[in-house]
Amino acid sequence: MQGEILPATPKQAAVVAHLVAKLLFVLVGHKRKINAEQLAEASSKLLASNSGFNAFLYYVEDNPIAVITVSRSAAIYAGGFYGVIEEFYVEPEYRSQSIGKRLLDRVIQFAGEQGWSRLEVSTPEKEKWKRTEDFYRREGFSGNSNGERLKLEI
C-alpha cells in the first residue's frame, strides 16, 4: 500500500488525537471512557511545544490512516537521550500491508537524526496483544530487564 509519511504539525493535532482515541478505545475502552476533547487539547499542546514530542502520520490518498508518536527521554542507563514510542495505531483495514513497518522505520530514522542511543516501547498485555510484541521483535526490538518494555539500539 503506497502512501506518504508526514511529520504532524499543530494543524494536524485533531487528526493525531482522533487516531490515538481509536487506539485507546481498542486498548482500554472497555475499562474507561475516552475523552476525545481532552485528547485533542493534549495533542495540540504537545505538537505546538518544543517538548520533545513528535508524531508522524501515514496518508493514503490524502486520508490519514495511521499514526506513531515518539517522545524524547533521558537516562544514564541509556547513555543519554533516547526515544519512547508512546502511541502507534494503524486502521484495521490497512494492517498487514507494511504500513506499520514504514512508520516504525521513519521513527528509527528520526531517532538517528536526533542522536538518540535507542528507542523503547511498552507493550500491551502479552496474552491479548501477542501480535504487537511479535511485530516489534521482528523489527529488531529485544526485551528489557522488566519484560514490559522492548528496546532497539540505534
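This is a predicted model: local features need pLDDT of at least 70, side-chain atom pairs count only at pLDDT 80 or more; totals for chains, interfaces and linings use all residues.
1. Starting from the N terminus, the protein chain goes β-α-α-β-β-β-α-β-α-β-β.

2. How compact is the protein chain? Its radius of gyration is 15 Å, close to the 15 Å from the globule rule for 154 residues, so the chain is as compact as a globular protein of that length. The C-alpha trace spans about 35 × 35 × 35 Å along its principal axes.

3. On the inside, buried residues account for 38% of the 154 in the protein chain. As for how the fold is tied together, take the contacts between residues at least 6 apart in sequence: 61% of these join residues at least 24 apart.

4. You'll find Phe 88 in strand β4, which covers residues 80-90. Is Phe 88 buried or exposed? Its relative accessibility is 16%, and the cut-off for buried is under 20%, so Phe 88 counts as buried.

5. Which residues does Phe 88 touch, leaving aside neighbours within four places in sequence? The list is Leu 23, Val 67, Ile 68, Gly 100, Leu 103, Leu 104, Phe 135 and Tyr 136. Gln 38 is 50 residues away from Phe 88 along the chain, and the C-alpha atoms of the two are separated by 18 Å.

Conventions
Residues are numbered from 1 along each chain as its sequence is written. Side-chain values use heavy atoms; hydrogens and water are left out. Helices (H or I, at least four residues) and strands (E, at least two) are DSSP runs, numbered from the N terminus. The radius of gyration is taken over C-alpha atoms; the globule rule is 2.2 Å times the number of residues to the power 0.38. Buried means under 20% relative accessible area, exposed over 50%, partly exposed in between (1.4 Å probe, protein chains only). Contact means heavy atoms within 4.5 Å.
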